[in-house]
Amino acid sequence: MSRVSARALDEAIAWQLCLDSGEATELERHEFRRWLGERPEHAQVWQQLAGIDQQLAAAAPIPARRALLRSGGVRRRSPHRIAGNTLALLLAVGLGLGLLAQQRPLGDYLADELTARGEHRELRLADSSIVQLNSRTALDIDFDGAQRRLYLHSGEILVKTGHDDPRPFIVETEQGRLQPLGTRFLVRREGKSTRLIVLESAVAAAPRSASGERVIQAGEQVRIDREHLGRSEPAPVGAEAWSHGMLVADDMPLAQLIDSLGEYRSGYLGLDPALADLRISGVFPLNDSDKALAALPPSLPVSIERYSDWWVRVVPAND
């Protein structure tokens with residue numbers, strides 16, 4: 001599915017608030033059915049909004065939206081009066097959205113494909129391309145008669161493109177546009193930039209807000225922001241190891257290792273700032289972070305403080 005417009009989302013929110021109030025009239029229900037059938041986009045956004053509700057059910061057993069509706073804040077208001085106000089969503093779901101926002105950007109919950117912390121998923125697309133999603137990844141998939149398009153909102157994907165489809169294959173992020181030339185490659189969102197790592201063949205990369213395109217060859221990586229492409233550099237060792245449940249560290253800063261393990265672990269995993277620049281090499285299991293942490297003290301002057309299964313810190317070793 002492609003991304004929906006802000007207006008359609010606002011209208012869907014307004015209808016949900018109206019229908020969930022328990023006081024919608026038969027005329028309002030009729031108007032809702034007419035709105036739902038007006039455009040394909042309306043049905044799409046309504047389905048996506050239902051996906052948010054499923055996430056909220058897990059995050060907030062007593063939905064804050066219902067409490068707000070009972071309070072009279074939006075009762076008996078016409079959907080057309082509150083359409084256009086995205087803040088209505090935040091007010092309606094209150095605590096539930098607050099809990100979700102602490103975990104990841106709220107926009108991720110509208111994505112076609114979404115992985116949780118520590119989850120790894122493989123998709124086979126309609127053109128036989130294979131896409132693997134790393135932990136906490138949000139991805140839209142939009143195939144039509146003209147192109148095959150992926151939009152990466154957050155996280156990381158490993159793509160192996162199908163070869164028997166004449167339509168161009170495009171991967172987009174907020175920072176740029178990538179077109180593989182029959183290949184395997186990684187795309188990772190890193191804050192306000194995107195990192196491309198080419199494993200086989202080549203990928204044409206272009207920043208979103210600047211002209212110019214450069215072909216990145218196998219064994220190279222590049223950092224992309226909206227205005228320019230960075231220098232091509234050698235691809236890191238073991239960049240795709242996460243797809244096999246492993247993390248390869250090659251003289252890696254300890255802070256980076258702990259951050260990576262934290263992506264696959266529930267609860268808090270912290271590091272004493274004094275240890276951040278220590279370097280380490282090795283292969284660590286992502287799906288058993290306790291085992292990975294246990295491998296640190298023999299190699300580094302650190303110890304593991306475990307307050308509970310949900311609160312662990314790496315601290316300097318006692319002399």
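This note goes through the sheet, the salt bridges and the aromatic pairs of the structure above.

1. Basis of the note. The model is predicted, and local features need pLDDT of at least 70, side-chain atom pairs count only at pLDDT 80 or more, and totals for chains, interfaces and linings use all residues. Residues are numbered from 1 along each chain as its sequence is written, and side-chain values use heavy atoms, with hydrogens and water left out.

2. The open sheet. Antiparallel pairing joins 7 strands in the order β2-β3-β6-β9-β10-β13-β14, where strands are DSSP runs of E with at least two residues, helices are runs of H or I with at least four, and both are numbered from the N terminus; two strands pair if DSSP finds at least two bridges between them. Because β2 (121–124) and β14 (233–234) each have a single partner strand, one side of each of these edge strands has no neighbour in the sheet. Strand β6 (residues 156–160) runs antiparallel to strand β9 (residues 184–190) and is joined to it by 5 bridges, with Ile157 standing opposite Val187 in β9.

3. The whole structure holds 20 salt bridges, each a side-chain nitrogen of Lys or Arg within 4 Å of a carboxyl oxygen of Asp or Glu. One of them joins Glu174 to Arg189 (3.4 Å, N to O); Glu174 lies in the loop between β7 and β8 (176–180) and Arg189 in strand β9, so the pair ties together parts that are 15 residues apart in sequence. Arg189 is buried at 15% relative accessibility, whereas Glu174 is partly exposed at 37% (buried means under 20% relative accessible area, exposed over 50%, partly exposed in between, with a 1.4 Å probe and protein chains only). Glu200 and Arg184 also meet in a salt bridge, at 3.2 Å, N to O.

4. A salt bridge elsewhere. The side chains of Asp290 and Arg265 meet at 2.9 Å, N to O, and this pair links helix α8 (residues 289–294) with the loop between α7 (254–262) and β16, 25 residues apart. Arg265 is buried at 6% relative accessibility, while Asp290 is partly exposed at 35%.

5. Aromatic pairs. There are 4 aromatic pairs in the whole structure, counted where ring centres of Phe, Tyr and Trp (its six-membered ring) lie within 6.5 Å, with planes under 30 degrees apart called stacked, over 60 edge-to-face and the rest tilted. Phe143 and Phe169 have ring centres 6.5 Å apart and planes at 80 degrees, so the pair is edge-to-face. Phe169 is buried at 3%, whereas Phe143 is partly exposed at 22%.
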